[in-house]
Amino acid sequence: MVPYVVKAKKNPVDATVKFYPQIGLVKAIDMREIAQEVSQMCTVTLPDVVGVFSAMQEEIENILKKGRTVRFKYLGSFRPTIVSNPAEKAEDVGVNYIKRVRVRFSPGGYLRRQMKKSNLKFKRA
């Protein structure tokens with residue numbers, strides 16, 4: 001079940017208030033908890049799963065630092081993007097025009113389908 005709360009939001013143009021559903025606060029799950037669930041689903045031990053997850057996290061960081069995209073078939077992909085300032089001429093653009101680097105996640109088709117409203121159950125928190 002996906003918990004939701006009702007949130008009041010004010011329109012900045014005319015100051016009217018309307019109410020919207022918003023996903024409620026739920027406790028985040030960490031890598032160890034996921035590893036524990038994975039280890040219970042198969043013959044791999046918890047320390048082995050944690051070790052693989054840790055190594056995978058480091059490798060994903062290394063790949064993103066090289067400017068490459070990381071694709072997980074069903075989950076989706078992670079890719080680095082740049083937030084930058086504009087320049088008048090192409091020859092003026094250099095590293096100093098880069099403000100920051102972000103990592104974007106794009107869900108894969110399978111995950112997108114799984115996250116459709118019709119596949120989820122909601123309850124008001």
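Here is a quick tour of a sheet, a helix pair and a pocket in this structure.

Keep in mind that this is a predicted model, where local features need pLDDT of at least 70, side-chain atom pairs count only at pLDDT 80 or more, and totals for chains, interfaces and linings use all residues. Residues are numbered from 1 along each chain as its sequence is written, and side-chain values use heavy atoms, with hydrogens and water left out. Helices (H or I, at least four residues) and strands (E, at least two) are DSSP runs, numbered from the N terminus.

**The sheet**

- Three strands make an open, mixed sheet, ordered S2-S1-S6; two strands pair if DSSP finds at least two bridges between them.
- S2 and S6 (122–124) are the edge strands with a single partner strand each, so one side of each has no neighbour in the sheet.
- On average, neighbouring strands of this sheet are turned by 40° against each other, direction ignored.
- Strands of a sheet pair through backbone hydrogen bonds, either parallel or antiparallel.

**Who pairs with whom**

- S1 (residues 2–10) and S2 (residues 17–23) run antiparallel, with seven bridges between them.
- S1 and S6 run parallel and are joined by three bridges, with Val2 opposite Phe122 of S6.

**The helix pair**

- H1 (residues 31–41) and H2 have axes that come within 8 Å and cross at roughly 130°; axes are lines fitted to C-alpha atoms, for helices over the stretch in contact, and angles run from 0 to 180 degrees between N-to-C directions.
- That makes H1 and H2 oblique to each other (under 35 degrees is roughly parallel, over 145 roughly antiparallel, 65 to 115 roughly perpendicular, and the rest oblique).

**The largest pocket**

- The largest pocket holds about 190 Å³ of space, a volume being the space filled by probe spheres set on grid points joined across faces, edges and corners.
- A pocket here is an open set of points on a 1 Å grid over the protein atoms alone, where a 1.4 Å probe fits, with protein on both sides within 12 Å along at least five of seven lines; lining residues have an atom within 4 Å of a point.
- Its lining is Met56, Gln57, Ile60, Glu61, Leu64, Phe72, Leu75 and Phe78.
- Helix H2 (residues 46–65) supplies the largest share of that lining, five residues.
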